[in-house]
Amino acid sequence: MSVLTSNEVQEEILTNEAIKVQKEALTSKTVIEAKNVNLFYGNLQVLKSINLKVYLNDFVCVLGSSGCGKSSLLQVLAGFLKPTSGEITIGGKQHKKPTPDVGVVFQHPNLFPWLSIEKNIAFGLRMQSVPKTERKRVVSHYLEMVGLQSAAKMLPHQLSGGMKQRASIARTLATNPKVILMDEPFSALDALTRMSMQSHLKEIWKKTQKSIFFITHDVHEALLLGTRIVVMHPSPGRIVLDIPNPLAKKDDLPQQAEQSKEFAQLSNYLLSVISNKK
Ligand SMILES: Nc1ncnc2c1ncn2[C@@H]1O[C@H](COP(=O)(O)OP(=O)(O)OP(=O)(O)O)[C@@H](O)[C@H]1O
């Protein structure tokens with residue numbers, strides 16, 4: 001019997017999963033899509049030939065070294081930046097400017113400091129002229145989901161970093177976007193709060209069935225959270241790997257998966273792909 005090397009084991013895991021995901025993808029609904037997107041800042045090409053589909057209930061984690069264009073891609077998907085060529089579609093329709101269909105969560109929560117947490121969460125709904133009783137119902141639902149009922153009347157400065165980021169996630173969820181784009185949302189938090197936020201987000205994702213596009217520098221975070229892992233290389237920013245995460249559906253408590261051999265293998269593999277800047 002031949003013994004497989006860890007790379008071969010890796011490839012087999014990925015191939016089997018890739019076949020499964022490809023089959024699923026054929027029947028899955030594409031929520032947001034980048035079609036042959038190129039982006040230049042002046043003469044500098046930042047994104048090259050980006051083709052990416054985010055499916056319904058997908059959790060896509062994007063990894064890559066600093067400056068490889070992750071945030072630029074997020075801004076194009078959000079409609080904040082217009083691609084130099086190519087297009088973004090949502091539900092098959094061209095998407096050119098920010099809309100409530102796309103929610104964005106940044107590294108810093110950006111809550112309005114003069115509004116209570118419940119008013120912050122209700123803000124987008126007010127902008128959409130949602131009636132008061134419905135606003136109250138939605139706000140209360142998401143306050144409960146992120147575990148902030150007791151902080152409803154507080155001002156942002158009275159909350160911890162993790163609580164503020166949960167409020168920011170609730171504010172994004174409240175407007176019921178089709179997809180949520182997250183740009184390193186936990187990178188400013190301490191290690192313990194970050195672990196707790198990862199568990200929270202995974203639970204929220206399971207409950208809401210949202211599609212999430214999540215940028216992180218942290219391979220472990222990507223493996224704990226993502227159903228798919230995308231790796232970008234720089235100069236110009238391009239996608240070099242787009243694979244299903246075989247660990248995605250196994251765990252209830254994300255951090256438990258970290259103990260497995262498979263986790264270590266995948267982590268090493270991803271690190272090698274990220275650092276191999278060909
Ligand atoms: N407004 C801008 N004008 C000119 N160049 C820019 C602008 N914004 C970003 N860049 C350049 O585009 C490239 C990609 O930047 P981007 O922020 O998208 O990368 P990133 O992968 O998100 O980086 P990080 O992980 O450090 O946040 C970098 O070379 C950066 O210097």
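Reply: Happy to! For the angles here, axes are lines fitted to C-alpha atoms, for helices over the stretch in contact, and angles run from 0 to 180 degrees between N-to-C directions. Please keep in mind that this is a predicted model.

With that in hand, look at helix 3 (residues 117–127) and helix 5 (residues 161–174): their axes lie 7 Å apart and meet at an angle of about 30 degrees. Angles under 35 degrees count as roughly parallel, and helix 3 and helix 5 are therefore roughly parallel to each other. Their crossing is right-handed. On the helix 3 side, the contact is made by Ile117, Asn120, Ile121, Ala122, Phe123, Gly124 and Leu125, while helix 5 brings in Ala167, Ala170, Arg171 and Ala174. Sorted by class, that contact of helix 3 with helix 5 has eight nonpolar, two polar and one charged residues.

Now to the backbone. Ser235 and Pro236 are joined by a cis peptide bond, with omega about -5 degrees. Pro236 sits in the loop between strand 9 (228–233) and strand 10 (238–244), and Ser235 is found in the loop between strand 9 and strand 10 as well. Ser235 also has a positive phi, near 55 degrees, although it is a residue other than glycine. Ser235 counts as partly exposed because it has 13 C-beta neighbours inside 10 Å.

Asn36, placed in strand 1 (residues 30–41), is not a glycine either, yet has a positive phi of about 50 degrees. Asn36 counts as exposed because it has 12 C-beta neighbours inside 10 Å.

Terms used. Residues are numbered from 1 along each chain as its sequence is written. This is a predicted model: local features need pLDDT of at least 70, side-chain atom pairs count only at pLDDT 80 or more; totals for chains, interfaces and linings use all residues. Helices (H or I, at least four residues) and strands (E, at least two) are DSSP runs, numbered from the N terminus. A residue is buried if 20 or more other C-beta atoms lie within 10 Å of its own, exposed if 12 or fewer, and partly exposed in between; C-beta atoms are placed from the backbone. Angles under 35 degrees count as roughly parallel, over 145 as roughly antiparallel, 65 to 115 as roughly perpendicular and the rest as oblique. A crossing is left-handed if the near helix is turned anticlockwise from the far one by less than a right angle, and right-handed if clockwise. Two residues are in contact if their C-beta atoms, placed from the backbone, lie within 7 Å. Ala, Val, Leu, Ile, Met, Phe, Trp, Tyr, Cys and Pro count as nonpolar, Asp, Glu, Lys and Arg as charged, and the others, Gly among them, as polar.
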